[in-house]
Amino acid sequence: MTEIAKIKEEVQTEILAVQAENDGKITTTQLKIILDKYFSNVPNDNQLNEEIELITTEGNYKIKLSDIFKGSLSEGNGNTEDLAINRLKINSSAPTEAERSPYVNYNGRTCRVLYDNSSSYGLQIIPTKSVGTVPLGTGDTTVSASDFKYTSSDGADVMDANFKKAAASYNKAVDTLNNKAKEYMDKQGISNKARCLGSSAKFENDTEEMYATSSIWSQWRGLFKEGDEKCDNDVKQLENLGIKIETSNSYVWLASRSVYNDTSNLGFYVDVIPRKSDTLGEVIFDAFSAHGLCHPGINYDGTIFYYSNDPEYDFYPVFAISDNAKIIGGEGTAENPYVLGL
């Protein structure tokens, strides 16, 4: 009896906590999530009723739902309007930034809706703040100097290990950043995909061709990845919605590439969003390449030199939300974000 009383008290405490956050209300979806923690035979949320006899996961005690919870179970009973894909809608014509894109609490982070289900990309959300920083270039711990294969004899003796590591990091940058994003996914399956901001919004693999643009730098053909414009969709959408990207330093990684060359320099860049220097926190919404990872150059005497950079910038993952994810709480505001569940 003591153990049963303890279980009842713990369940009721969790129910009251949800009700306190939602004006005394709790949906059947929210109730099921709580019950699943303590009981092994909880039915689907649209089959919950007070007469159901629940069996505890430990001790196999039988407890009637009516002994734990008394109240209306008419709200949130599994109807399609509770699905996140139907509720998380963007209103791009709304007068304020806060009204254009709902706020969502996902895996302990406050996020915004970046694309809704009316787009060809499906429902995707992005955190309101950077989740941390990621190093690329010589500080990229996912690559080594041996990953970069320089097959030409021209300049092979003067390329140091840092340059080769930066070159390998550049080639692998999109995969490195996208794989990092997956580390921030939930374990329940609310999100089914993750990627870095600025990568393909369709979650396409990195299939860019090798750099083969300028005859003056022909020795780099087949060695470096070509530039792309995949980041444009995300950058334009952030601008359309007025979503401000917060940075802890100067830049935010975009998982796309740029290649720059002239008669004396060649640079291989990973795109970033920079912060305006004159207005703290205000962001220029352009795919601006800064601090390329690796640069071959030509000295005055015509010899080639090589140098590399080791940038570490803010990181924003983007999450694709599963079709069966539900809204189990909240109002979609900054103060009370929607809460996602299954």
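This is a predicted model: local features need pLDDT of at least 70, side-chain atom pairs count only at pLDDT 80 or more; totals for chains, interfaces and linings use all residues.
Local features need pLDDT of at least 70 and side-chain atom pairs count only at pLDDT 80 or more, while totals for chains, interfaces and linings use all residues. Residues are numbered from 1 along each chain as its sequence is written, and side-chain values use heavy atoms, with hydrogens and water left out.

R195 counts as buried because its relative accessibility is 1%, where buried means under 20% relative accessible area, exposed over 50% and partly exposed in between (1.4 Å probe, protein chains only). Its side chain makes a polar contact with the side chain of D234 at 2.7 Å, and a polar atom of that R195 side chain lies 3.3 Å from the backbone oxygen of S199. A polar contact is a pair of N or O atoms within 3.5 Å; within protein, one must be able to donate a hydrogen and the other to accept it, and residues adjacent in sequence count only if both atoms are side-chain atoms. R195 and A255 are 60 residues apart in sequence, yet 8.7 Å apart in space, C-alpha to C-alpha.

Next come the cores, each a set of buried Ala, Val, Leu, Ile, Met, Phe, Trp, Tyr and Cys residues joined through side-chain atoms within 4.5 Å. The largest nonpolar core has 71 residues, of which L197, W220 and F224 touch the most other members. A second, separate core holds 19 residues, including I4, Y38, I52 and L65.

Helix α5 (residues 161-171) has several buried residues, among them F163, Y170 and N171. The buried residues of α5 pack against α6 (173-182), β8 (251-261), β9 (266-274), β11 (294-298) and β12 (304-308), with contact meaning heavy atoms within 4.5 Å. At the N-terminal end, D160 caps α5, a side-chain oxygen lying 3.3 Å from the backbone nitrogen of N162.

Finally, the lining of the largest cavity divides into one nonpolar, four polar and six charged residues (Ala, Val, Leu, Ile, Met, Phe, Trp, Tyr, Cys and Pro count as nonpolar, Asp, Glu, Lys and Arg as charged, the others, Gly among them, as polar). A cavity is a set of points on a 1 Å grid over the protein atoms alone where a 1.4 Å probe fits but cannot get out, and lining residues have an atom within 4 Å of a point. Lining residues include V174, E204 and R257.

Note on methods
Helices (H or I, at least four residues) and strands (E, at least two) are DSSP runs, numbered from the N terminus. On a 1 Å grid over the protein atoms alone, a cavity is a set of points where a 1.4 Å probe fits but cannot get out, and a pocket is an open set with protein on both sides within 12 Å along at least five of seven lines; lining residues have an atom within 4 Å of a point.
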